[in-house]
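Open the structure in your viewer and keep the selection tool ready.

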Amino acid sequence: MARSRTTFTRDSGLQARMLFTLFLLGLLYAAFVAILFAAGAGVGIMVLVIAALSLAQLFLSDKLALAAMGAKEVSPEQAPGLHAMLERLCIQADLPKPKIAVADTPMPNAFAMGRSQKSAVVCATTGIMNALQPHELEAVMAHELTHVKNRDVMIMTLASFFATIAAMITQFGFFFGGWGGDSDDGAPAFIVVLLASFLVYIISFFLMLALSRYREYAADRGSALITGRPSALASALVRISGEMQRVPDQDLRAAGKMNAFFIVPTSVKESVATLFMDHPPLEKRLAALQKLEAQLQAPAPAAA
Amino acid sequence: MGFLDALLGGRGKLKAPAPDRLFAMSTAYVTIETGLGLKHKPVAGIVFQPLATADFKQILSDTEELLRGSAADTGTKVESADDQYGYRWIILRDDEFEDLVVSVNVISTQLEAGGYGDRILCAVFAFEDEGRPVYFIYNYKRGAFYPFVPAPGEKQRNNEREFQLKAAIGGELPFEQEIERWFPLWEIPL
């Protein structure tokens with residue numbers, strides 16, 4: 001039997017942080033649900049409505065995202081190189097081949113969409129295909145494939161389910177005024193729910209961003225794992241972030257709503273605190289990739 | 001990969017190669033030739049990602065050394081080439097089909113022993129079907145074969161012929177059952 005050496009060690013720290021974030025979100029949501037149901041009837045129906053909306057979002061998000069970007073699915077004849085590249089990456093990652101789309105915009109970016117591995121769409125802009133060397137583009141595509149493999153769209157949608165409810169209650173809370181059942185204790189229950197929603201909204205907002213950042217690190221690791229070239233992704237990230245700042249404003253604005261699944265957020269502003277970012281800062285991603293490259297280059301451990 | 005793995009952002013490794021079913025080819029090729037009227041070409045290849053590390057290069061040069069050593073007995077010729085996608089092909093030439101299978105296995109075994117089994121993409125065996133190329137591709141991660149028949153024209157494949165081949169030989173070779181994993185390999189240098 002061949003010994004199974006892994007090229008990269010498992011990042012248990014990252015997994016622990018991710019698990020902790022998920023745990024906090026779960027705790028928060030459990031408390032929130034308890035308060036909602038304590039507040040009385042009517043809420044149950046709303047939860048159902050929002051569940052339906054989330055489900056619709058889950059099923060439509062890929063089409064919406066592609067439409068928002070003006071991206072079109074491309075056939076192997078239209079983009080033979082991109083298809084061949086992804087086919088090989090899929091063999092390596094042991095994934096079924098996703099649909100491949102191209103958005104005709106100079107902004108260098110790429111994203112992955114779709115609720116499951118079978119319905120996934122991976123999209124690249126013409127900007128990123130022109131800006132990057134083949135091995136850099138391959139690393140970026142492997143990053144997006146890892147999002148598919150890790151089912152990030154599904155997980156972020158599930159994770160944001162109660163945050164969406166809380167946000168809606170906070171925003172439209174006043175219109176739901178009379179839901180509390182009896183007119184006697186209706187008013188205080190309503191205020192409790194409004195306050196709770198507001199708190200849940202604020203806290204879950206930051207937890208979701210943290211979770212999103214951890215998913216990005218995981219996708220970077222996945223890319224390194226699939227391609228065996230952590231430094232190719234690093235050089236792609238550096239190149240993209242350099243290009244990003246030179247791109248006209250209107251493209252950035254047009255793509256603003258898609259930030260969550262972009263490889264580099266469209267507004268890279270140093271001044272924005274990390275806490276508010278859905279992608280980790282470039283330096284930290286580069287540092288993590290450099291660590292992976294060091295692991296790769298280190299002499300193999302003695303045969304076990 | 002389970003849901004928990006997905007939840008935690010994936011394990012720290014790629015899927016390891018499936019149990020080796022490569023040797024099924026060393027008997028199945030007879031059926032392919034007699035039953036289907038294909039003729040094997042005296043060439044086979046194995047494709048993998050060459051890692052830019054000293055360790056990996058050492059394993060690779062040791063492997064080539066090993067193959068050249070055994071070439072005295074088998075007469076297998078060894079070449080290597082990098083394709084436009086950055087993958088390394090080791091191309092083996094030998095009139096004896098069984099020797100090709102053995103040599104491909106030597107390479108994969110060496111890479112796996114070095115801990116790099118997850119870098120292997122596939123092995124490719126070449127056949128001729130009335131002058132047109134037919135390939136059988138062995139996906140190491142899946143431990144399964146599938147046919148790839150390029151058709152005339154830019155990046156076209158003859159799915160009909162591929163399905164015929166599966167129907168005819170599927171009982172004898174461990175076959176990839178999910179056809180969406182019958183990934184093409186364009187510009188095969190065999």
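Select A:E144 to start; this residue sits in helix α5 (residues 134-149) of chain A. Helices here are DSSP runs of H or I with at least four residues, strands are E runs of at least two, and both are numbered from the N terminus. This is a predicted model, in which local features need pLDDT of at least 70, side-chain atom pairs count only at pLDDT 80 or more, and totals for chains, interfaces and linings use all residues. Residues are numbered from 1 along each chain as its sequence is written, while chains are lettered from A and ligands numbered from 1 in the order in which they are written.

Stay on A:E144. Is A:E144 buried or exposed? A:E144 counts as buried, because it has 28 C-beta neighbours inside 10 Å. The cut-offs: buried means 20 or more other C-beta atoms within 10 Å of the residue's own, exposed means 12 or fewer, and partly exposed lies in between, with C-beta atoms placed from the backbone.

Leaving out residues up to four places away in sequence, A:E144 touches A:A110, A:F111, A:A112 and A:V122. Contact means that the two C-beta atoms, placed from the backbone, lie within 7 Å. Next, pick A:D220. It is 76 residues from A:E144 along the chain, yet their C-alpha atoms are 8.9 Å apart.

Among chain A contacts with a separation of 6 or more, 75% join residues 24 or more positions apart.

Select helix α3 (residues 80-93) of chain A. Eleven of the 14 residues in α3(A) are buried, including A:M85, A:L86 and A:L89. Step past the helix to A:D94, which follows α3(A) and has a positive phi, near 55°.

Move to chain B. Show helix α3 (residues 54-74) and helix α4 (residues 97-113) of chain B, whose axes come within 10 Å and cross at roughly 155°. So α3(B) runs roughly antiparallel to α4(B) (an angle over 145 degrees). Axes are lines fitted to C-alpha atoms, for helices over the stretch in contact, and angles run from 0 to 180 degrees between N-to-C directions.

Last, colour the contact. Among its residues are B:I59, B:L66 and B:L67 of α3(B), and B:V106, B:I107 and B:L111 of α4(B).

Key. Parallel < 35°, antiparallel > 145°, perpendicular 65-115°, else oblique. Expected span 1.5 Å × (residues − 1).
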